Every structure is written in structure tokens, then in C-alpha cells.
Amino acid sequence: MLVPRDWLPAPITLHSTGSATADGKNYEGLKVNTSDLEILLLLDGKHRLMRLEVPEAKVSVIRD
């Protein structure tokens, strides 16, 4: 069986960024890094995902 290299799993690192503020609200931040991508996850006090940001692509997904 031949598996293309693009399909092989890559390592993922996850780091706490501590407190973060976005749009006047306070969150706990997590930074996810892969070989191709950096993603910032912002969680509320109940640890619900409220924002997902990809800074390099200038993309934000915001939960209402």
C-alpha cells in the first residue's frame, strides 16, 4: 500500500497563552501549531470554544 506523504499525520503542539482579550471580552487562550498552520482558540470561563482564529489567513470564527 502506498500512502502519499501529504496524508501522513503530522505532530501538533498545543500551548496555553493565558488570558486574552478580544472585542472587549476576556478569554483563556490556546495556541495550536502544526507544520503548516497556527490556530488560536479562545475559550470562555466554562471552557467553551468562543473564537477560532487563523492569524496568517486573517480568518476569525466567532460564536454568538
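Leaving aside neighbours within four places in sequence, which residues is Leu40 in contact with? Thr17, Leu30, Arg51, Leu52 and Glu53 are in contact with Leu40. Contact means heavy atoms within 4.5 Å. The views below take the model from the whole chain to single residues.

This is a predicted model, in which local features need pLDDT of at least 70, side-chain atom pairs count only at pLDDT 80 or more, and totals for chains, interfaces and linings use all residues. Residues are numbered from 1 along each chain as its sequence is written, and side-chain values use heavy atoms, with hydrogens and water left out.

**View 1. The whole chain has 0 helices and 5 strands.** Helices (H or I, at least four residues) and strands (E, at least two) are DSSP runs, numbered from the N terminus. Along the sequence the pattern reads β-β-β-β-β. The chain has 64 residues, and 22% of them count as buried. Buried means under 20% relative accessible area, exposed over 50%, and partly exposed in between (1.4 Å probe, protein chains only). Among contacts with a separation of 6 or more, 7% join residues 24 or more positions apart.

**View 2. The 5 strands form an open sheet.** Its order is β1-β2-β3-β4-β5, with antiparallel pairing. β1 (13–22) and β5 each have a single partner strand, so one side of each is left without a neighbour in the sheet. From one strand to the next, the twist averages 20 degrees. Two strands pair if DSSP finds at least two bridges between them.

**View 3. β3 and β4 form a hairpin.** Strand β3 covers residues 38–43 and strand β4 covers residues 49–54. They pair in the antiparallel sense over 4 bridges. Leu42 has Arg51 in β4 as its bridge partner. The hairpin has 5 residues between its strands. In the turn, His47 has a positive phi of about 65 degrees.

**View 4. β4 and β5 form a hairpin with 4 residues between them.** β5 spans residues 59–62 and runs antiparallel to β4, joined by 4 bridges. Val54 has Val59 in β5 as its bridge partner. Lys58 in the turn has a positive phi of about 55 degrees.

**View 5. Five residues make up the largest nonpolar core.** They are Ala22, Tyr27, Leu40, Leu42 and Met50. A nonpolar core is a set of buried Ala, Val, Leu, Ile, Met, Phe, Trp, Tyr and Cys residues joined through side-chain atoms within 4.5 Å. Not counting residues up to four places away in sequence, Met50 touches Tyr27, Leu42, Asp44, Val61, Ile62 and Arg63. Leu40 lies in strand β3. Its C-alpha atom is 5.8 Å from that of Leu30, 10 residues apart along the chain.

**View 6. Glu53 sits in strand β4.** Why does Glu53 count as buried? Glu53 counts as buried because its relative accessibility is 15%. Glu53 stands opposite Ser60 in β5. Its side chain makes a polar contact with the side chain of Arg51 (2.9 Å). A polar contact is a pair of N or O atoms within 3.5 Å; within protein, one must be able to donate a hydrogen and the other to accept it, and residues adjacent in sequence count only if both atoms are side-chain atoms.

Note on methods
Axes are lines fitted to C-alpha atoms, for helices over the stretch in contact, and angles run from 0 to 180 degrees between N-to-C directions.
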